[in-house]
Amino acid sequence: MEGILYKWTNYISGWQPRWFVLDGGTLSYYDSQEDAWKGCKGSIKISVCEIQVHSSDSTRVDLTIPGEQYFYLRAINAAERQKWLVALGTAKACLTDNRTKREKELQENTEALKTKMSELRLYCDLLLQQVNKIKENDELGDTAETGIDTGNMVKSTCTTFLKTLEECMQIANRTFSSDMTAQSPPGSPPVAAIKPQKVYFTIKPVTKFLDSCYAIVPVLDKLGPTVFAPVKMDFVGNIKKINQKLISDPDSFPTLQSIVLHEVQKDVAQVRNSATEALLWLRRGLKFLKEFLSEVNAGEQDIHGALNNAYGKTLRQYHGWVVRGVFALALRAAPSYQNFTAALVSREGDELKSGFISGMHRDLDVYLPAMEKLLAILDALYEEYSLESDEVV
């Protein structure tokens with residue numbers, strides 16, 4: 001539904017006519033129907049707002065997200081307000097039904113993930129016992145046959161561990177991937193490219209940054225779904241948290257920095273599951289990827305070694321022994337250099353062509369400096385407001 005509603009602006013300008021569009025569960029408004037091509041002036045998610053009718057004004061309806069966002073609106077007449085109320089109520093009901101279904105699926109997947117995580121912890125403990133057994137056998141000078149048997153048990157446990165880790169990834173994909181569909185409000189103009197500058201408040205728009213990060217996920221799958229499984233789980237979960245903050249009030253968060261500063265002002269930046277914390281871990285994951293690709297670009301052909309070096313420089317210091325163990329086992333599935341390059345091509349055999357390797361380095365020479373600039377902007381922001389955390393997970 002779309003049409004004219006009067007929106008309360010301030011005590012100087014009062015009620016002003018605006019062109020409103022209800023689409024996909026989002027109510028967006030524009031200066032006028034003719035100016036809709038310029039992009040919306042603001043929007044509100046119907047699924048999370050309260051719809052209230054005025055006690056004495058038969059033309060008025062208020063949409064509020066308590067403590068965050070308020071739309072005070074008037075229709076042309078009572079009949080027009082009724083049409084809007086029906087449309088808004090229907091949209092909210094449909095979204096609520098869908099959300100209930102998603103919440104049920106999320107609960108089921110969360111329980112399944114907890115079960116698999118318990119299995120991972122069990123296999124991790126078992127591996128430690130088997131490794132200690134190998135050490136004892138070595139100290140006692142046991143026979144080679146005993147060593148082979150123990151080694152086979154370790155190999156079997158590692159295989160089971162990696163299989164369970166892959167199952168965890170499949171559950172995580174079902175849980176998190178489907179919600180990464182946030183779009184700009186209808187009629188929004190094309191967004192500008194990311195142009196990092198020296199000033200902190202420059203990474204915009206947020207949707208373009210998140211889309212770029214999310215585009216990395218299928219690349220990680222192609223390079224090795226097991227070896228990159230822990231990073232991918234972190235990526236998807238943190239992107240989703242930032243995206244949820246963005247869609248709660250897109251008009252107020254034109255940049256990543258505006259989200260962080262909003263949470264700093266509200267004193268929730270370092271609260272668990274905040275968008276600021278999610279961006280902190282997303283930034284660390286991007287640094288891990290940058291370091292790995294930098295090793296490859298520098299000529300390193302030992303993919304396992306490059307991944308280990310990148311992990312040691314970036315994520316390892318923030319991980320406890322359990323998570324370090326998960327990464328160590330995942331990295332065992334690192335592909336060979338030949339398989340790594342083969343995964344980069346769209347047509348089988350292209351990696352064997354004479355210009356492929358030079359082309360890969362040429363692309364990395366463009367991609368890595370741009371990535372480094374973005375990370376430098378975020379580093380400066382987190383340093384400025386003392387948002388870095390040494391907490392180990």
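**A chat about strands, a helix and salt bridges**

Modeller: R283, R284, K287, D379 and E388 are linked in a network of salt bridges, where a salt bridge is a side-chain nitrogen of Lys or Arg within 4 Å of a carboxyl oxygen of Asp or Glu.

Biologist: What kind of model is this, and how are residues numbered?

Modeller: This is a predicted model, in which local features need pLDDT of at least 70, side-chain atom pairs count only at pLDDT 80 or more, and totals for chains, interfaces and linings use all residues. Residues are numbered from 1 along each chain as its sequence is written, and side-chain values use heavy atoms, with hydrogens and water left out.

Biologist: Is R283 buried or exposed?

Modeller: R283 counts as buried because its relative accessible area is 4%, and E388 counts as partly exposed because its value is 33%. Buried means under 20% relative accessible area, exposed over 50%, and partly exposed in between, using a 1.4 Å probe and protein chains only.

Biologist: How many salt bridges are there by this rule?

Modeller: The count comes to twelve salt bridges, and one of them joins D57 to R74, with the closest N and O atoms 2.9 Å apart. D57 lies in the loop between strand 5 and strand 6, while R74 is in strand 7, 17 residues apart.

Biologist: Switching to strand 6, how many of its residues are buried?

Modeller: Six of the six residues in strand 6 (residues 60-65) are buried. R60, D62 and T64 point one way, and V61, L63 and I65 point the other way. In a regular strand the side chains alternate between the two faces of the sheet.

Biologist: Which way do strand 6 and strand 7 run, and how many bridges join them?

Modeller: Strand 6 and strand 7 (residues 69-74) run antiparallel and are joined by six bridges, and two strands pair if DSSP finds at least two bridges between them. The bridge partner of R60 in strand 7 is R74.

Biologist: What does helix 8 pack against?

Modeller: The buried residues of helix 8 pack against helix 7 (275-297), helix 9 (321-331) and helix 10 (337-342), with contact meaning heavy atoms within 4.5 Å.

Note on methods:
Helices (H or I, at least four residues) and strands (E, at least two) are DSSP runs, numbered from the N terminus.
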